[in-house]
Amino acid sequence: MNVLTSTASALALLVTSSYATAMAASPVIPQWSADTEYGIATPTVEDVLGYPAGSRVSSPEAIHQYFKALQETHPDRIRLFDYGVTWQGRPLFYVAISSADNIAQLETIEAGMRQLADPRTISQAEARRLINTLPSSVWIANSVHGNEISPAESSMVTAWHLLSASDEATQNILNSTVVYLDPLQNPDGRARFVSRYYATIGLEPSDDRLSAEHNEPWPNGRTNHYLFDMNRDWIALTQPETRGRIAAHLQTFPLIFVDSHEMGGDLPYYFTPEAHPFNPFITQTQREGLNWVGENNARWFDRFGYDYFTREIFDAFYPGYGASWPLYHGSLAMTYEMGSARGHHFRTREGEVLTYGDGVQQNFVAFMATIETAAQRGPELLERFYDYRRSGVAEGSSGSVRSYLFPNTRDHAGHRKLMGVLVEQGIEVQQSTESFRVCGQSYPEGSYVISASQPSYHLIRTLLDKEVPMDADFLAEQERLRANNLRDQIYDVTAWSLPLLYNLDMNTCNRAPRADLVAVGPERVTPGQVTNPDAEYGFMVAWGDMNAGRLLTAALRDDLLVRSSDLPFRHQSGVKFPSGSLIIPRAGNPEDLTARLTALAEVTGAVIQGFDTSWTQSGPNPGSANVQRMHAPEIAMVWDQPTNVLSAGSTRFIVEREFNYPVTAIRPDRLRSADLSRYQVLIMPATGFGGYEQALGEAGRENLRRWVQRGGVLITLGNATRFAIGGDQPLLASRLERKAQVDELVSKDSQRQANGSIIADESDLQRYVRDPETSPDWVSGVILRANVDQEHWLTAGIHTHVHSMYIGNDIYTPLRITDGRNVVNFAGKDEVLASGYMWAENHEQVAHKPLLMVQNHGQGMVISFTQEPNFRAYMDGMHMLLINAIFRGAAHATPVR
């Protein structure tokens, strides 16, 4: 059916609320504007896909098909761009919609935006010309969480409306605005949701929140293939979807960026402005601009009678959201949240039935209201974008921090990756070709330098500063809430400094260094090399960074003989090698060893040094008992409920995509009785709802105990360590701590009488009423410093200290020396908190407590991380500890091989 009428009631035909057979009548869909005229022949969703928009949850393939059909019909007014491919091979794409003139000049328009984004390259007069002539722009990104379904459908409705409406108001919008639509940010997650949803529906869809179709199995559709919440990935760029989006953003620099989501179906619509706290690098003019958008949205929502709320729940502090990151490049960026039907119908707690079509329609109104704001405020938005970028250059050249300096004397792989990630985000990075001195510090050749005086100044400060402070009044309110045993309002982590997460040394300086510097590209790994390729004895590789880690896994997968020293040594040539360093002799390896290692060095970044002799001046020789044969372990991972989806995903991603080593996922019920003898390592990710005790039972615990005693390496991550300390015969002789009590106002009294006490003030009362058996208060996310015992094989090649995220309230007692080793412990009270906001009591209690423990059992061992080393896959400074736990752990276990 073609919808070509002169009245906006056509939209009611375009968007329906459900299956025709599921309800007796569809609710009335309000029109956008009484003046809208649809006079341009444009295929509807029904024309292309066979069902009206909003009547079915469209698959990723269907959405792609529809936008291709729109481009085929109107190639002069809509262009489709691919920006990547998902892990499962689905296309990632966005479209640009505007007037025919604007689309014809799209490359010129985008080039103009890139010019305006760098005030150093254009004159004030040229900037003024661009501001006066460039169209406005808005980017609407949809459904980054695959089970947040209506925004993607709304993008099709919005595109149809813009292309088919012939009235003057719509044409004025298109003449003055480029509308970018990213219909579907997470195709793999949506495909998972759609498949399971339609596999669950019976004769007709159910609106009952208890029904199977409203309760997705593990893992739900929220995440991508590797189970990442990609709405937290914008500063880490771990996933191809995120990397493609950021590249597209830096190509287009949209003035307004909308990240459209869904939330629980009992809530109405949420839109900007965001909740407190705001990140301090978001300017007052940006916050005023967010109000422009919110006020116009509210005007249209009032017109249609839609409820909404603002300034609650969703804050703008963490920069890794899709609705935050563009702000630090000068755009306005915001979150929209529609109450979700999570299918065709959902009955709210008020008894109303929310339909999928309701969500599609309300998103459409929000999208159009925002597009209208972009059109009406175009010159002001352009002016403010330019001023934001120009002020960054000025502030970076005059503030107290003008340079970020990385000596790059250790962990070359970590430095190279971080610099590549920063360059991908539009930050200019340079590397010195000579040694230099600045701010009283000497730096060697190869040091990295990031000038603060560049248009991305605000993003640089946000990502690299050790601390991004929260508003003092906001923190005072959180302390008040906590004192009254009320939930705090901290929405996400309070620390994310990338140099800390990578565990790299960085200094700041109030001057720019005088040195020869060259620009750094986005490459995360640079080719390594083999020195002395004709070496008679063989080759050695210094341990300690991911270049060496990747080489180890690649060599093991290539069936090469590799040994690793538990102790540091000095070769006869005088070259020093840290503990963990690899020894690859010619004896026992293929004749083409040099060619193989040359190829591996190219892709891993490792520097492989050839030697004619194995003789060492000090430390062990290759035949020592302190040098271990490295084996290629079979790695299993617990997968499925009750495993935490994000923990499982990030861990598997790091092992498979960072270490380039395969993992076998095993469901918990199989572990009750399965023969695990083919596996040398089993990783237990953190749990979500429920625990491994219930999932495995005593039979599973005993099966794992026998496997460990026969030589297995059990690695627990985060709260999975609770499983290791549980049961009648714990695998780990640690305990979970209760909240430390400073004083005791309440003693162990009889059931009917209590000892007398004097409550002097309100704080005494709070201490009196608290539960003495309670756990420590929950911490949203801080970065803690931990000190490393460098005399243990598990910490071979690891720096003297590492930085770890701390989230939650798990604090474990240290192992006694007779039971095992605490090889990494949180630092003392005065230095443990590296970044973020932590409750004072937790700060004191966590000091000197274990982060990494190991305990032997028979021929195997248990290795426990008390916090997740793989959180969001952006704690690169912890990667080598995990590699050691897996591969050095397997080498130190003694099963019958």
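Trainee: Which residues are linked in a network of salt bridges?
Mentor: The network joins E148, R222, D229, R232, D492 and R872. A salt bridge here is a side-chain nitrogen of Lys or Arg within 4 Å of a carboxyl oxygen of Asp or Glu. The structure holds 44 salt bridges. This is a predicted model, in which local features need pLDDT of at least 70 and side-chain atom pairs count only at pLDDT 80 or more, while totals for chains, interfaces and linings use all residues. Residues are numbered from 1 along each chain as its sequence is written, and side-chain values use heavy atoms, with hydrogens and water left out.

Trainee: What makes E634 and R678 a salt bridge?
Mentor: Their side chains meet at 3.7 Å, N to O, and the cut-off is 4 Å, so the pair qualifies. E634 lies in the loop between strand 28 (627-629) and strand 29 (635-638), and R678 in the loop between strand 30 (664-666) and strand 31 (681-684), so the pair ties together parts 44 residues apart in sequence. Strands (E, at least two residues) and helices (H or I, at least four) are DSSP runs, numbered from the N terminus.

Trainee: Why does R678 count as exposed, and E634 as partly exposed?
Mentor: Buried means under 20% relative accessible area, exposed over 50%, and partly exposed in between (1.4 Å probe, protein chains only). R678 has 51% relative accessibility and therefore counts as exposed; E634, at 32%, counts as partly exposed.

Trainee: How do you know that E656 and R652 are separated by about one helical turn?
Mentor: They are four residues apart in helix 20 (residues 645-658), which gives that separation. E656 and R652 also form a salt bridge, their closest N and O atoms being 3.2 Å apart. E656 has a relative accessible area of 18% and is therefore buried.

Trainee: Why is Y197 called buried?
Mentor: Its relative accessibility is 2%, so Y197 counts as buried. Y197 is found in helix 9 (residues 187-200).

Trainee: With which residues is Y197 in contact, leaving aside neighbours within four places in sequence?
Mentor: They are P205, E213, R342, G343 and H344, where contact means heavy atoms within 4.5 Å. Y197 and G343 are 146 residues apart in sequence, yet their C-alpha atoms are 7.3 Å apart in space.

Trainee: Why does I759 count as partly exposed?
Mentor: I759 has 37% relative accessibility, so it counts as partly exposed. I759 lies in the loop between helix 22 (721-725) and helix 23 (762-769).
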